[in-house]
Amino acid sequence: MPGATLSRWTMSYFAAACLFLVIGEGMMVIGYGYPFAGVDAPETLALVHVLAIGWLGLLMVGALLQFVPVLVAAPLRGGRLALPVLLLLVGGLLLLVGGFGALAGVGGLSPGVLPLGALLLVTGFGLAAAMLAATLFAARPLPLPARFVGLGLLALVATVLIGAAFALALSGAVASDLITTLLIHGVPLHAAFGLGGWLTLTAVGVSYRLLPMFMLAPEEARGTSRVVWWAGSAALTLVVVRIAWLVFDASATEEPLALAGLLAAVATILYCADVVRLFRERRRKAVELNIRASYAAFAALLLSVVMFLIPGARAAAGEGAGAIVYLFVFGWLTGLGLAQLYKIVPFLTWLECYGCVLGRAAVPRVQDLVREGHSSLWFCLYYGAVAAATGSLFAGSPLWFRAALLLQLIATLGLAAELVRARMLSSVAEPLRFPVGTPRPHLFLPISRQQE
Ligand code: HEM
């Protein structure tokens, strides 16, 4: 990967992220949070942030620490902050969830930890955004994929600042009309910035680089991709306008949001057209599992965005359009996350272990680090369970939802086990596994300094 070294802490981010995904799915299997509690119940807020910050947030920051230098072919700035950022995000999340637990009546906890959690999260995400923004800024002019990441970082900053304001209001630490107005009207905006801006636009940007790289497809940016960027920026700007308007007039009109929704749909349809085109123009005809699993995620993205725009489907999706948000979070964001992890973990492990002996010893292919047969069964079970869970939410059946979540959790654990096997080179046949000079990979602790 030109201009990039291996990020020391990325595997630790990935391991923590996978742990929070399993915890989040486990919470839903035992009936904690939505749909067993209301969308704005503290139990649901705890569940939402275990998934949005613990799984998707750590996954994305860990991936960006490794791939932003690839996107701009320049070294990461402030790389030594990677560990403090990880500790701040995990510590902040545990305090935030503890604060929601206190609001849910869990004994021994105080809502007073909410602002403390928010402070650690704002500092952690702020430092992460500063590292990545400094790396992008130093590499101007930016290629299109990197510009998407820039947009995603802006949305991240907006998400956490609004979230921190919510935490201050809910804990009672601050009583101000402005923050109360924001809390009453701003939750969908906070969610849109987080799930739509930060996570989705960043994932779109990184995929515009990774998909051509993994499929050997043409990489040059197309007009459609540029329209996706402009439509995404315009949609985010309209959400900012809506918030600014709220500050001055609580009864402000919702039009900006409707227009933002439309722009997001245009961006989604053009993006899906782009990924279909990349698939058709690929030179690597054999389609690896990470690509097949990614295309299921693109289908979930398109379906959830289109359903969100249809008033009838949105109404049928229950409180807060819960069934559609579920498909968006687990079909699109989590599906893409698991599909890319399935390629990135063996890829980085191969680089870490065999990069230093390349040309001096026989080494396995990246493909030899994984078991596609086993993993494709887990991916099928995963997406089947997500579809069943979404269906049970539309049908309003919490019992079937729990059954589907149990299958989803089993599939996730199966995929996690395959990632551990890849990381420990368990599928590589002797004597190819450890040629002389090959370092032993650590499951999730950082690689040794001289490997950097
Ligand atoms: C500093 C970090 C954050 C803090 C302190 C925070 C805080 C909060 C609070 C207090 C609420 C509840 C508002 C209410 O209904 O009373 C909330 C809602 C929400 N937050 Fe965050 N948040 C943060 C980051 C994020 C991120 C990064 C995402 C997504 C990527 C996110 C997604 C959501 C969603 C989806 C809701 C609505 C949940 C629901 O109504 O069920 N938050 N957040």
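A salt bridge is taken here as a side-chain nitrogen of Lys or Arg within 4 Å of a carboxyl oxygen of Asp or Glu. The exercises below apply to a predicted model.

**Exercise 1. Salt bridges**

Task: State how many salt bridges the rule gives, and examine the pair formed by aspartate 274 and arginine 277.

Solution. Step 1: The count under this rule is twelve salt bridges. Step 2: In the pair of aspartate 274 and arginine 277, the closest N and O atoms are 3.4 Å apart. The cut-off is 4 Å, so the pair is a salt bridge. Step 3: Both residues belong to helix H9 (residues 255–280), where they are three residues apart, about one turn of the helix.

**Exercise 2. Domain 1 against domain 3**

Task: Describe what domain 1 and domain 3 bury between them, and which residues and elements of domain 1 take part.

Solution. Step 1: The domain assignment divides the chain into domain 1 (1–140), domain 2 (179–284) and domain 3 (286–444). Step 2: Taken over C-alpha atoms, the centres of domain 1 and domain 3 are separated by 19 Å. To their contact, domain 1 brings 28 residues and domain 3 brings 33 residues. Step 3: The two domains bury about 2500 Å² between them, and 82% of this lies on carbon and sulfur atoms. On the side of domain 1, the most area is lost by Met11, Glu25 and Val29, which together account for 24% of what that side buries. Step 4: Between these domains there are zero salt bridges, while six residue pairs are in polar contact. Step 5: Helix H1 (10–29) and helix H2 (42–72) are the elements that give two or more residues to this side of domain 1. H1 gives the most, with twelve residues. Step 6: Sorted by class, this side of domain 1 has 20 nonpolar, six polar and two charged residues.

**Exercise 3. The shell around the ligand**

Task: Identify the residues that come nearest to the ligand, and determine where the shell is drawn from.

Solution. Step 1: The shell has 24 residues, of which Val39, His49, Gly163, Phe166 and His190 come nearest. Step 2: A backbone N or O atom of valine 39 is 2.2 Å from an oxygen atom of the ligand. Step 3: At least two shell residues come from each of H2, helix H3 (82–103), helix H4 (113–137), helix H5 (144–171) and helix H7 (187–215). The largest share, seven residues, belongs to H5. Step 4: Domain 1 and domain 2 each provide at least three residues of the shell. Step 5: By class, the shell holds 18 nonpolar and six polar residues, and no charged residues.

**Exercise 4. Backbone geometry**

Task: Locate proline 35, proline 431 and leucine 216, and describe the backbone at each.

Solution. Step 1: From tyrosine 34 to proline 35 the peptide bond is cis, with omega near 0°. Proline 35 is found in the loop between H1 and H2. Step 2: Glutamate 430 and proline 431 are likewise joined by a cis peptide bond, with omega about -5°. Proline 431 belongs to the segment after helix H14 (398–423). Step 3: Leucine 216, a residue other than glycine, has a positive phi near 50°. Leucine 216 sits in the loop between H7 and helix H8 (223–248).

Key:
Residues numbered from 1 in each chain as written. Predicted model: local features only at pLDDT ≥ 70, side-chain atom pairs only at ≥ 80, totals over all residues. Heavy atoms only, no water. Domains from an automatic or database assignment. Contact = heavy atoms within 4.5 Å. Buried area = accessible area lost by both parts, 1.4 Å probe. Polar contact = N/O pair within 3.5 Å; in protein donor to acceptor, adjacent residues only side chain to side chain. Helix = DSSP H or I, 4+ residues; strand = E, 2+ residues; numbered from the N terminus. Nonpolar A, V, L, I, M, F, W, Y, C, P; charged D, E, K, R; others polar. Near = heavy atom within 4 Å.
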